[in-house]
Amino acid sequence: MPMEDLSATIGRKMITGERTMMARIFLKKGAIVPMHSHDNEQITYVLDGALEFQIDGKTVVVGKGQVMVIPSNMPHSAKALEDTDDLDVFTPPRQDWLNKTDAYLRG
């Protein structure tokens, strides 16, 4: 899977099947994923590092070895508390990622 540099602080590798997408996200400490939502159900597994999510009016820290499910259409944001290697699984696949219209992550 080739690395796609989305910004100076976020990169990703992804693979997609017919009904599922898996993406490995690399975030440098301080990287911000702005508030957004999507129709896709998301499972986030932090392989290394830590992410601080704002979701459902709460702050949730997900650290190394921890997993979080983000329901469809749930607004959320994230901040990398340290250099983080994250594995995200989406169903169905994220069309905005596939056609590169995910401007909230780029630049």
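**Leu27 and the fold around it**

Apart from its neighbours within four places in sequence, Leu27 is in contact with Thr9, Ile10, Val33, Leu51, Ala80, Glu82, Asp83, Thr84 and Asp86, where contact means heavy atoms within 4.5 Å. The model is a predicted one, in which local features need pLDDT of at least 70 and side-chain atom pairs count only at pLDDT 80 or more, while totals for chains, interfaces and linings use all residues. Residues are numbered from 1 along each chain as its sequence is written, and side-chain values use heavy atoms, with hydrogens and water left out.

The largest nonpolar core holds 20 residues, and Ile10, Leu27, Phe53 and Trp97 touch the most other members. Such a core is a set of buried Ala, Val, Leu, Ile, Met, Phe, Trp, Tyr and Cys residues joined through side-chain atoms within 4.5 Å; buried means under 20% relative accessible area, exposed over 50%, and partly exposed in between, with a 1.4 Å probe and protein chains only. At least two residues of this core come from each of strand E3 (21-27), strand E6 (50-55), E8 and E9. The most is given by E3, with four residues. In soluble globular proteins, nonpolar side chains tend to be buried together.

Of the contacts with a separation of 6 or more, 63% are between residues 24 or more positions apart.

The overall dimensions come next. For 107 residues, a compact globule would have a radius of gyration near 13 Å, and the chain agrees with this because its own value is 13 Å; the radius is taken over C-alpha atoms, and the globule rule is 2.2 Å times the number of residues to the power 0.38. The C-alpha trace spans about 30 × 30 × 25 Å along its principal axes. Buried residues make up 38% of the 107. The accessible surface comes to about 5,900 Å², with 54% belonging to carbon and sulfur atoms; areas come from the Shrake-Rupley method with a 1.4 Å probe, and for residues only the protein chains shown count as cover.

Ile32 lies in strand E4 (residues 32-36) and counts as partly exposed, because its relative accessible area is 46%. Leaving aside neighbours within four places in sequence, Ile32 is in contact with Ile10, Ala78 and Lys79. Ile32 and Leu81 are 49 residues apart in sequence, with a C-alpha to C-alpha distance of 9.7 Å.

Some backbone details deserve a look. Thr91 and Pro92 are joined by a cis peptide bond, with omega about -10°, and Pro92 sits in the loop between strand E10 (84-91) and helix H1 (95-98). Asn73, a residue other than glycine, has a positive phi near 65°. Asn73 belongs to the loop between strand E8 (67-70) and strand E9 (76-80), and its relative accessibility of 48% makes it partly exposed. Lys100, also not a glycine, has a positive phi near 60°; Lys100 is in the segment after H1 and is partly exposed at 49% relative accessibility.
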